[in-house]
Amino acid sequence: MSGIKNKHVICISSVDWDPIWTRKQQVMSRLPESNTILYVEPPITLLSPFKDHGMWKKWRMWFQGLRRLNNNIFLYSPPVVLPFGNKFRLINRLNQWWISLFLKKAIKSLNFRNPVLWTYMPNTADLLNSIGDYDMLIYDCVDEHSEYTGIINKATMTDMEKDLMALCDIVFVTAKGLYEAKKNLAETIYFLPNAANVEHFMKAQDPDTAVPEEMAAVPGPVIGFVGVIQDWIDLDLVKDAAAAHPEWSFVMIGPVGPGIDVSALKAMPNVYFLGRKDVGDLPRYIKGFDVCINPFKINELTDKVSPLKFYEYLASGKPIVSVAMPGVSDFADVVEIAGSSDEFIRGIEQALSQETPEKLEKRLERARENSWESRVEFMTEKIMEKYKHKS
């Protein structure tokens, strides 16, 4: 792969390296191995473990310091910070200064010099003055952060992101809505949607791929979902479809987010929650699906989202039914797109009854055009262009 080589890269991520891979890990793991990467996981606040007991482990991760992942990637979990940093700018400034005290030690131990600072977090705007010198600032914007629910002040998030983008050398955005909203805020900005590990998810079409026993035990036809079950997932849409067709089985694969009530769905006899699965096993489970569904709620957040699971479904070759959102509109020729609950149910009916080998091959063809390798190639080429321009 061409592009940046022999660089020191600090990735300020919004997710831990494990267990669920998103765009951050997919991109960082595909940068040329000659680069040394410090992957900074998001800190927890003092309140986080009380809302999600699984967060207590993050205390231990902080005390571990640098963790070596492989030949060129190091992981670091920052110290615990104050709550309300996304609500009050002053608290974020204090938090980022506090993080910088520890992060600079990790940077020094790796002997980084003038690194590429590659961030996924708008609040990084308040880290820049404390982190030391850096060679280039890149912001990969994957969501409309100001539209998240929780302890967030929309104006605070918007201001932090504007300040960050004004200083960036390059900004990438995953959705057309994000590009339109932010194109005037950055000097250099590119629209670059998500993608899939195409070769991996194509294993769902491999005759040698075995469907797990718990999946094989589910009566067909199977309508499947893979992903974190958060408040942007339209559980009522799934409930309506399961009620309309009790002969269908609905399989939900992925963890249920804190505070998400799935009791109504769990009470339905044809809905199965199988929990989080290792990414290496997902093609085996998806092979057991007859139809994959993308049931996002339609709102300001999802209007500017490039749904990662959609590309993975596409690479599996399975029929797909999605709600009508901009992130999938370009694929109307290969998926069923629904604008209402009734249309969503009809879309599943059509996907089950009208599947052909030609449709399968067309989905796989589109999937090959949307690989992580092609995305990272684009990114690194644009970064090198910027380096040449700066020199």
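**Close-up 1. An open sheet of six strands with the order 11-10-9-12-13-14 and parallel pairing.** In this predicted model, strand 11 (271–275) and strand 14 (336–338) stand at the edges of the sheet, and because each has a single partner strand, one side of each is left without a neighbour in the sheet. From one strand to the next, the twist averages 25 degrees. Strands of a sheet pair through backbone hydrogen bonds, in either a parallel or an antiparallel way.

**Close-up 2. The pairing of strand 12 with strand 13, and the helix that lies across the sheet strands.** Strand 12 (residues 291–294) and strand 13 (residues 320–323) run parallel and are joined by three bridges. Within this pair, Asn 294 is the residue that stands opposite Ser 322 in strand 13. Helix 10 (residues 235–244) lies across strand 10 (249–253), strand 11, strand 12 and strand 13, and the angle at which helix 10 runs to strand 10 is about 155 degrees.

**Close-up 3. Strand 6 and its two parallel partners, strand 5 and strand 7.** Strand 5 (residues 116–119) runs parallel to strand 6 and is joined to strand 6 by four bridges, with Leu 117 standing opposite Leu 137 in strand 6. Strand 7 (residues 170–173) likewise pairs with strand 6 in the parallel sense over four bridges, and here the bridge partner of Cys 141 is Val 173 in strand 7. Six of the six residues of strand 6 are buried, so this strand is largely enclosed by the rest of the structure. In a regular strand the side chains alternate between the two faces of the sheet. Both faces of strand 6 are covered, for Met 136, Ile 138 and Asp 140 are buried on one side, and Leu 137, Tyr 139 and Cys 141 are buried on the other.

**Close-up 4. Leu 167 in helix 6 and the residues around it.** Leu 167 is found in helix 6 and, with a relative accessible area of 52%, is exposed, since the exposed class begins over 50%. When residues up to four places away in sequence are not counted, Leu 167 touches Leu 128 and Leu 137; Leu 137 is one of the buried residues of strand 6. Leu 167 and Ala 186 are 19 residues apart in sequence, and their C-alpha atoms are 7.8 Å apart in space.

**Close-up 5. A nonpolar surface patch of about 580 Å².** The patch is made by Leu 47, Phe 50, Trp 56, Phe 84, Phe 88 and Ile 151. Among these residues, Ile 151 lies in the loop between strand 6 (136–141) and helix 6 (154–167), and its relative accessible area of 37% makes Ile 151 partly exposed.

**Close-up 6. The salt bridge between Arg 67 and Glu 41.** The structure holds 20 salt bridges, and in the one between Arg 67 and Glu 41 the closest N and O atoms are 3.0 Å apart. This pair links distant parts of the chain, 26 residues apart, with Arg 67 in strand 3 (residues 67–68) and Glu 41 in the loop between strand 2 (36–40) and helix 2 (48–51). Arg 67 is buried, with a relative accessible area of 17%, and Glu 41 counts as buried at 1% relative accessibility.

**Close-up 7. The salt bridge between Glu 355 and Arg 363.** The closest N and O atoms of Glu 355 and Arg 363 are 2.5 Å apart. Glu 355 is partly exposed, with a relative accessible area of 33%, whereas Arg 363 counts as buried at 2% relative accessibility.

Close-up 8. Glu 385 forms a salt bridge with Lys 382, and the closest N and O atoms of the two are 3.8 Å apart. Glu 385 counts as partly exposed at 43% relative accessibility, and Lys 382 counts as buried at 18%.

Notes: Residues numbered from 1 in each chain as written. Predicted model: local features only at pLDDT ≥ 70, side-chain atom pairs only at ≥ 80, totals over all residues. Heavy atoms only, no water. Pairing = 2+ DSSP bridges. Axes fitted to C-alpha atoms, helices over the stretch in contact; angles between N-to-C directions. Contact = heavy atoms within 4.5 Å. Patch = residues over 30% accessible without salt bridge, like charges linked within 9 Å, V, L, I, M, F, W, Y side chains within 5 Å. Areas by Shrake-Rupley, 256 points an atom, 1.4 Å probe, with all protein chains shown as cover. Salt bridge = Lys/Arg side-chain N within 4 Å of Asp/Glu carboxyl O. Buried < 20%, exposed > 50% of the residue type's maximum accessible area, 1.4 Å probe, protein only.
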